[in-house]
Amino acid sequence: MQRRHSNNPIILDVSHHQGIINWKEIKNTSVKGVYIKLTEGGTFVDPRSYENYIGAKNAGLRVGFYHYAHCTNSPEKEAAFFIAQLGQMKLDLPPCLDLEEDKKKSKEFVSHFAISWLEHVHKTTGIKPIVYTNYHFAKTFFTNEISKYPLWVARYSAANRQGGMQHPGELSQWQRWAMFQYTDSGRVKGISTNVDINEMDCSFFKEVTTNLSMTNNTKGPFVYSKGDRGLGVKQIQQNLLALGFSLPKFGADGFYGDELIAAVKKFQNRYDLFSDGIAGADTLPRLVKEVNNLNNLV
């Protein structure tokens, strides 16, 4: 597979393990995009996924989401769970399957799970997803069939690598990588912990960001309004409830209806924002800021 190149954009991947991220500081670095953990298995939603999404979008970064898989579950159900939580959030980078545990299953079993998940997401969203794993897992548990989906490969150790740290090595299934995670102990301004750092192949980056910019709807990444549904809407509701605003009939049901519009207007009035009931580029970050302030007082 190819070597790293200075023209390749730097992409981070983050989850709740990175804590509160200062996206404004990251905006002033060389980072061009971020993959955010959204879901795991069939029930877990990363508690910082929505905050990270809003922060990264406001920093002008390209954003994608990944799902950490448990291959002993139904791949279709895990894929449907990921898509449901994605909701109205706008992708700049392809959705990603993170598969790195074999659960004591065979190569054929693991590969079948991966292909089924990837195909389900591809057919449902119309976006060709990518698969993340480490070099040795790919070599051991992936069949050639999976190579129709782009590879995001992780490898940090220099052991048994003739080419050193500049490329991950060779795999029979893929001739090239779409993204290479070359360290899990990177340090980036704005993140207090170690963080995974990746290079995305520059031609792949150009291709996917151009294609996705044409397929995303025209409402823009920061706007939620009447009729929207999904994780983004549910997080707005949960944040409003945490701040003491009332949603007595529907609560955090993930649907942007009249009750939520009224609560958003009350929030906007309290903080001297334009009161239109639409959660947009001014309202969303202010909502996150006030919830963070509340949590810091607890």
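How do the residues of the lining of the largest pocket divide into nonpolar, polar and charged? They divide into 7 nonpolar, 7 polar and 6 charged, where Ala, Val, Leu, Ile, Met, Phe, Trp, Tyr, Cys and Pro count as nonpolar, Asp, Glu, Lys and Arg as charged, and the others, Gly among them, as polar. This is a predicted model, in which local features need pLDDT of at least 70 and side-chain atom pairs count only at pLDDT 80 or more, while totals for chains, interfaces and linings use all residues. Residues are numbered from 1 along each chain as its sequence is written, and side-chain values use heavy atoms, with hydrogens and water left out.

**Largest pocket**
- A pocket is an open set of points on a 1 Å grid over the protein atoms alone, where a 1.4 Å probe fits, with protein on both sides within 12 Å along at least five of seven lines; lining residues have an atom within 4 Å of a point.

**Second largest pocket**
- The second largest pocket has a volume of about 380 Å³.
- Among its 21 lining residues, Asp-13, Tyr-66, Asp-98, Glu-100 and Asp-196 are closest to the centre.
- β6 supplies the largest share of this lining, 3 residues.

Notes
Points joined across faces, edges and corners; volume = space filled by probe spheres on them. Helix = DSSP H or I, 4+ residues; strand = E, 2+ residues; numbered from the N terminus.
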